[in-house]
Amino acid sequence: MICDDVKRVAYFFLDGKLGENKQNDFKTHVSICPDCEQRVSIHRRLRLFICKRLSRDSAPQRLRQRLARSFRGLTSET
Amino acid sequence: MKTAVATDHEQGWDFEKAAMPYVDSLYNTAYRMTRNSEDAEDLVQETYLKAYKYYDKFEEGTNFKAWLFKIMKNTFINNYRKKKLTPHKIDFSEIEESYERVIQKNAPDLIKDPESEIFQDMMDADVKRALDSLPHDYKMVVLLADIEGFSYKEIAEILDCPVGTVMSRLYRGRKMLERTLLEYARKYGYIRGGAEPAKMRSRKDETKGRKKKDPETGEETDVEPEADEEAILFADDEDVELEIEEEEEPEQFEIE
């Protein structure tokens, strides 16, 4: 695996979606190439950051109440 | 008659119990899709009503959350088709190029302190704005994969597209998002800079200047991304696909 391959599949490596051989090739390359190691570490940290920051909007209480009313309406329709 | 009522009650209760735990996820995604809390609430409400209506069509043992998301995506498309989502025209070689530029400039600052959160001072609103700036299809795969934790196969199911398309959109969507975040971070001073630029290999020279000149008007247009190596491997739509067996769990496929 060369640096360009690492760039191409880094996200899929982080997702754990490379086949076993590719996964090992990837790890081997990264262990000897500081540039790629740096890049993968940046991808990883950005991913964690994004996940953490983007999952904060929870459904407003108003919506929950509205849904609860709908469910009550649906089940008592008959 | 009484039994029918009881069954309806039972079904309603079952459904509510099964579906309500996903209300935050659905709302969060709906909000990012519509960018408006009222529309998002309506979309979630409509999704739940449809899901309730078709609850008997849900196959036991399949992913209920993915099923709800698929209903929501279809509802969204039906409601918004008239408004017509502006088709996106993206220059992929430009994304690669500017990504390389941005990451090389900021890498030293990004790896300085691996213990702390990256850009810890960045406002949530900026992060959301960065996501919202992505074209709809790319935003969707990033949301479904990175926020909701769906597998490639589940995303393909929800969005009705091949797994290869999911991967290509993820690759590009994540890149666009990272680039935008890095640009914001520098612009608003969340990373200060000052460190020597990292010496990383660049694809810049390879991707640079992919323009063609119209012989008559002299107007320069970007060469179609098909010419790009990445575009061949991660062809955006159905024409070229990665070698993956869609019947299999995507866990073990080989790329190339």
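Which residue lies over the face of B:Y152? Figure 1 starts with the answer.

These legends describe a predicted model, in which local features need pLDDT of at least 70, side-chain atom pairs count only at pLDDT 80 or more, and totals for chains, interfaces and linings use all residues. Residues are numbered from 1 along each chain as its sequence is written, chains are lettered from A and ligands numbered from 1 in the order in which they are written, and side-chain values use heavy atoms, with hydrogens and water left out.

**Figure 1. Two residues of chain A meet the ring of B:Y152.** A:K17 sits over the face of B:Y152, at 4.0 Å from the ring centre; such a charge has NZ of Lys or CZ of Arg within 6 Å of the ring centre and within 35 degrees of the ring normal. The model holds 18 aromatic pairs over all chains. In one of them, A:F12 and B:Y152 are edge-to-face, at 6.0 Å centre to centre with 85 degrees between the planes. This pair crosses between chains, from helix α1 (residues 3-14) of chain A to helix α8 (residues 152-159) of chain B. Rings of Phe, Tyr and Trp (its six-membered ring) pair if their centres lie within 6.5 Å, and planes under 30 degrees apart are stacked, over 60 edge-to-face and the rest tilted. Helices (H or I, at least four residues) and strands (E, at least two) are DSSP runs, numbered from the N terminus. Both A:F12 and B:Y152 are buried, that is, under 20% relative accessible area, where exposed is over 50% and partly exposed in between (1.4 Å probe, protein chains only).

**Figure 2. B:R172 lies over the face of B:F92.** The distance from the ring centre is 3.6 Å.

**Figure 3. Helices α7 and α9 of chain B are mostly covered.** Helix α7 (residues 136-147) has 12 residues and reaches 15 Å from its first C-alpha to its last, close to the expected 16 Å. The expected span is 1.5 Å times one less than the number of residues. In α7(B), 11 of the 12 residues are buried, including B:H136, B:K139 and B:D146. Just after α7(B), B:G149 takes a positive phi of about 70 degrees. Helix α9 (residues 163-187) has 25 residues and reaches 36 Å, close to the 36 Å expected; 22 of its 25 residues are buried. Just after α9(B) comes B:G189, with a positive phi of about 80 degrees.

**Figure 4. B:L49 touches residues of chain A.** B:L49 belongs to helix α3 (residues 37-53) of chain B, and its relative accessibility of 33% makes it partly exposed. B:L49 is in contact (heavy atoms within 4.5 Å) with A:S70 and A:L74, not counting residues up to four places away in sequence.

**Figure 5. Chain A has four helices and zero strands.** Buried residues make up 50% of its 78 residues. Among contacts in chain A between residues at least 6 apart in sequence, 54% join residues at least 24 apart.
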